[in-house]
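User: I would like to learn how to read features off a structural model. Please take me through one example, giving the idea and then the case.

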Amino acid sequence: MYGVCGCCGALRPRYKRLVDNIFPEDPEDGLVKTNMEKLTFYALSAPEKLDRIGAYLSERLIRDVGRHRYGYVCIAMEALDQLLMACHCQSINLFVESFLKMVAKLLESEKPNLQILGTNSFVKFANIEEDTPSYHRSYDFFVSRFSEMCHSGHEDLEIKTKIRMSGIKGLQGVVRKTVNDELQANIWDPQHMDKIVPSLLFNLQHVEEAESESKAASLGALALAFYQPAVPLKVCIPEGETVMVLGSLGRSPSPLQAPEKEKENPAELAERCLRELLGRAAFGNIKNAIKPVLVHLDNHSLWEPKVFAIRCFKIIMYSIQPQHSHLVIQQLLSHLDANSRSAATVRAGIVEVLSEAAVIAATGSVGPTVLEMFNTLLRQLRLSIDYALTGSYDGAISLGTKIIKEHEERMFQEAVIKTIGSFASTLPTYQRSEVILFTMSKVPLPSLHHPVEMGRTGENRNRLTQIMLLKSLLQVSTGFQCNNMMSALPSNFLDRLLSTALMEDAEIRLFVLEILISFIDRHGNRHKFSTISTLSDISVLKLKVDKCSRQDTIFMKKHSQQLYRHIYLSCKEETNIQKHYEALYGLLALISIELANEEVVVDLIRLVLAVQDVAQVNEENLPVYNRCALYALGAAYLNLISQLTTVPAFCQHIREVIESRKKEAPYMLPEDVFVERPRLSQNIDGVVIELLFRQSNISEVLGGSGYNADRLCLPYIPQLTDEDRLSKRKSIGETISLQVEVESRNSPEKEERVPAEEITYETLKKAIVDSVAVEEQERERRRQVVEKFQKAPFEEIAAHCGARASLLQSKLNQIFEITIRPPPSPSGTITAAYGQPQSHSIPVYEMKFPDLCVY
Amino acid sequence: MSMEDYDFLFKIVLIGNAGVGKTCLVRRFTQGLFPPGQGATIGVDFMIKTVEINGEKVKLQIWDTAGQERFRSITQSYYRSANALILTYDITCEESFRCLPEWLREIEQYASNKVITVLVGNKIDLAERREVSQQRAEEFSEAQDMYYLETSAKESDNVEKLFLDLACRLISEARQNTLVNNVSSPLPGEGKSISYLTCCNFN
């Protein structure tokens, strides 16, 4: 058509003639193949002419587009594609400018067919790996236009789908083309990412709207596909393969979708593209890629049903390079912080997503973010408690603020705790104990240095915070496997934990017991002790028992007294319910299984017998139920320990008592107490001795088998420490008086006064004679001292005093000690004091007067 | 013979509340239609129109954004490279006028500082339901240093004028910049960067 004038044709440059020749007379005929071969050959042999060929071709194409001669447009594009494919990488660069211009021209068109044609060419070009840098290329328009195509709202559904798919493919092309070339426009810049990512997500999310429930099965299959770890990406994915795989998951072919390849829907394509994009993201780019995802989810309020949000983040976590996954977690965390005043449902959504993502991330490295993550979560937990208590987001009740629904906050709190648990369960042991310590340090404790907030809300807040944190702690500790108890329960942690164990609040106490149980249980035995019973043969429990390791023995040496004391005191709590007794039983049993050596066994038996005393003596005025429960607890535990020690005589004694209880007092056995409707007896004071476990009997039988019978004979008395003073339960005064009582009982003075009272005439007489002799001696010494000071030269006296200075000091200390606590004075002087009451001071004091006189 | 089919290329982005008639304005200008019952725009829409002003071909790339809140993030990403913004409101809807300061904040935040902003009050064909007086709008636009125009996409009132005036202003702006910077094309347009092709065209 353009070469009509023959003479002009001959004058035209050769490349123009070659280009003209590939166009047929009738556009229906398609590309003239032989002439195209000629053009290709020419282009290959004279690559320097490529730019001119390209320029001329694009000029023709632009003209044809303007004249609506679409047949020729297609031919020109086909020719360009072929040239592009045929040429060597190095020479392509000359050609690309005109090529991109043509694609842009096609994309500017309103005709869907031309847009798609342009996109397809672009995708082909994108798959060519270039090795020469291209400094001046800009893909701005392409990104903008392809993103726009992703949002196509064409009336015709089929065309709309096609345009959207083209858009996604185009974006994929841009990404492939630019991602590895640092000299080109940085595709990771926010200006591009903010277009690309939302466009992909928009298509990804659309599948759910379009095929919602009816495609539940195929969604399930898709969900399965998400769980596959990301396959290392090749630069060019062969189209066919993936289409086949995804095609089988896609929706059933509608009659509209004729060709096989078109079966893939935009959502699947978008997902693939997103995966590819994320897979290529380097450390510095992750942030820019994730930010638009978060914003998109915010804008489209997709946190609330959260299915899509979770899906997105699963795609993200499985696609990005594992070493970057902690960055995603970090971003989610900061997003959570940014949203701390959003509705609880939104926060709950984010947290849920976080939990899913964290589990995936933990398999990679999350190193530095671990504590940060827990810190944020715990902070959010506290904020939520505040919101729920105050009813508003800013602490002051003001009009116009959003109403906070308490049950939504509760849901959010549960979600946070669940997240804490699921995240912790993926951590290695050493990190877990770090997390546990960290969490514990956040639990508000009443202490002397930090007085607790006063007032109702303050108390309430503290209590809720304690419960929530302990719940989190319980989540973290469940399934915690640590070979070394010392490292699992370091003393600063144990101290804090146990000090909460004596709280007034029954719920908190139960949490502490459960946390202890989950720490101590390392062989999965805990559920075997969930019900308290007196089995006649414990082999049915199939307990897994390991020998107590050396470290564990050291641990018990260090902390056992503390543990016993808390168990003992916990038993005495009046507010205990069945759950508490079950937990106590579990704790006792697990200590005996996990941490027991002979000494521990002896102590535990003493402890349980002391608990029995509590029930029997009933100083605390416990209700009948609690007393029966303590009896039953003792029976169950002694039954267990007797069979664990396998001392036949011991077993027999225990069995005897249990049998007689069965006959006469079933209300003292767990089978009757720990049931829905406990059968109790009102008359449990004055229990017959046959119904009790007797210390003397037990120490006798165990002493025979090599246990420390002397120790067994001593009744258990809990040690009191500072902690008790800190616990809210007891007033300080009470504790101190208790301590004094204990002290005075232990001090030797009391014991020694008893014999001193049996004074006979003989002893009195002897005392008087002795004391007279002592008096005379004293007088003699005094005289000597005075003489010495009168006669001796000053130097001598000074030297003498110097030598005695240190002696004086120690004596003074001794005096102070004595004045505070009555000294264990020698019995001789005591008798002397009794012999001559008030007439003479104790010689020990008198001896010191000269020293004091020196100064 | 130039390879380019235009002398200037400008990117114009339409913004404003949902339902004020942005898409209709663009349609009226580019296709000469007024589609009744136009649905809400999804994300972004793209149209192109080449006009001739004083013998120069000016290509206008028009990005028509969705007014809906949920697409805000993607639409914002289009402001950045815009040469001009058409901020649209509906004269029969007080609410759409009251949102203007918010839109101006968005522009401040996301658009380039050289951007030209035009305030457009659309739907003057519904004069009997007018809620925002012309005077009020004019005062507002003056205070914000914006060019103001009232249009009707339905009656095609002032639509051509809007885009052509804008094109003129963009050209003069571009010329000024060329003088100041002594650069052939300071505007971000993909066409001008490959000038070496055009100069070698004759051999």
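User: Where is N339(A) found in chain A?

Analyst: Start by placing a residue relative to the helices around it. In this predicted model, N339(A) sits in the loop that links α16 (325-338) to α17 (344-362) of chain A.

User: Is N339(A) buried or exposed?

Analyst: The cut-off for buried is under 20% relative accessible area. N339(A) has 11% relative accessibility, so N339(A) counts as buried.

User: What does N339(A) touch, and which side chain joins N339(A) in a polar contact?

Analyst: Read the polar partner and the remaining contacts separately. The side chains of N339(A) and S342(A) are joined by a polar contact of 2.6 Å. Not counting residues up to four places away in sequence, N339(A) touches D298(A), V346(A), R347(A) and I350(A).

User: How do I compare separation in sequence with separation in space?

Analyst: Take a pair and read both values, C-alpha to C-alpha for the spatial one. S499(A) and R509(A) are 10 residues apart in sequence and 9.9 Å apart in space. S499(A) belongs to helix α23 (residues 491-501) of chain A, and its relative accessible area of 18% makes S499(A) buried. For a second pair, F519(A) and T478(A) are 41 residues apart in sequence and 7.5 Å apart in space.

User: Which helix holds F519(A), and what is F519(A) in contact with?

Analyst: F519(A) lies in helix α24 (residues 506-520) of chain A. With a relative accessible area of 1%, F519(A) is buried. Leaving aside neighbours within four places in sequence, its contacts are I436(A), S477(A), F480(A), M485(A), A488(A), L489(A) and F493(A).

User: What do the totals for chain A look like, starting with how many helices and strands chain A has?

Analyst: Totals put single residues in context. Chain A has 40 helices and 0 strands. Of its 855 residues, 50% are buried. Among contacts in chain A with a separation of 6 or more, 76% are between residues 24 or more positions apart.

User: How should I read a nonpolar core, and how many residues does the largest one have?

Analyst: In soluble globular proteins, nonpolar side chains tend to be buried together. Here the largest nonpolar core has 251 residues, and those with the most contacts inside it are L57(A), F142(A), F313(A), F374(A), I591(A), I605(A) and F650(A). Helix α28 (residues 624-645) of chain A supplies the largest share of this core, 13 residues. The core lies between domain 1 (14-132) and domain 2 (521-722) of chain A, because both give residues to it.

User: What does I605(A) touch?

Analyst: Not counting residues up to four places away in sequence, I605(A) touches L638(A), I641(A), F650(A), I698(A), L702(A) and L712(A). Apart from this core lies another, of 29 residues, including C24(B), M47(B), L149(B) and V159(B).

User: Which residues of chain B does the UniProt annotation "binding site" cover?

Analyst: An annotation comes from a record, and the coordinates then show how its residues are arranged. The UniProt record places "binding site" on T23(B), T41(B) and D64(B). They span 42 residues in sequence, but no two of their C-alpha atoms are more than 8.2 Å apart, so they gather at one spot.

User: How do T23(B) and D64(B) relate to each other?

Analyst: T23(B) is in helix α1 (residues 22-31) of chain B, while D64(B) is in strand β3 (residues 56-65) of chain B. T23(B) counts as buried at 8% relative accessibility, and D64(B) is buried with a relative accessible area of 2%. Their side chains make a polar contact of 2.7 Å. Leaving aside neighbours within four places in sequence, T23(B) is in contact with Q38(B), T41(B) and D64(B).

Terms used
Residues numbered from 1 in each chain as written. Chains lettered and ligands numbered in written order. Predicted model: local features only at pLDDT ≥ 70, side-chain atom pairs only at ≥ 80, totals over all residues. Heavy atoms only, no water. UniProt positions renumbered as here; feature names shortened; annotations may be inferred. Helix = DSSP H or I, 4+ residues; strand = E, 2+ residues; numbered from the N terminus. Buried < 20%, exposed > 50% of the residue type's maximum accessible area, 1.4 Å probe, protein only. Contact = heavy atoms within 4.5 Å. Polar contact = N/O pair within 3.5 Å; in protein donor to acceptor, adjacent residues only side chain to side chain. Core = buried A, V, L, I, M, F, W, Y, C linked by side-chain atoms within 4.5 Å. Domains from an automatic or database assignment.
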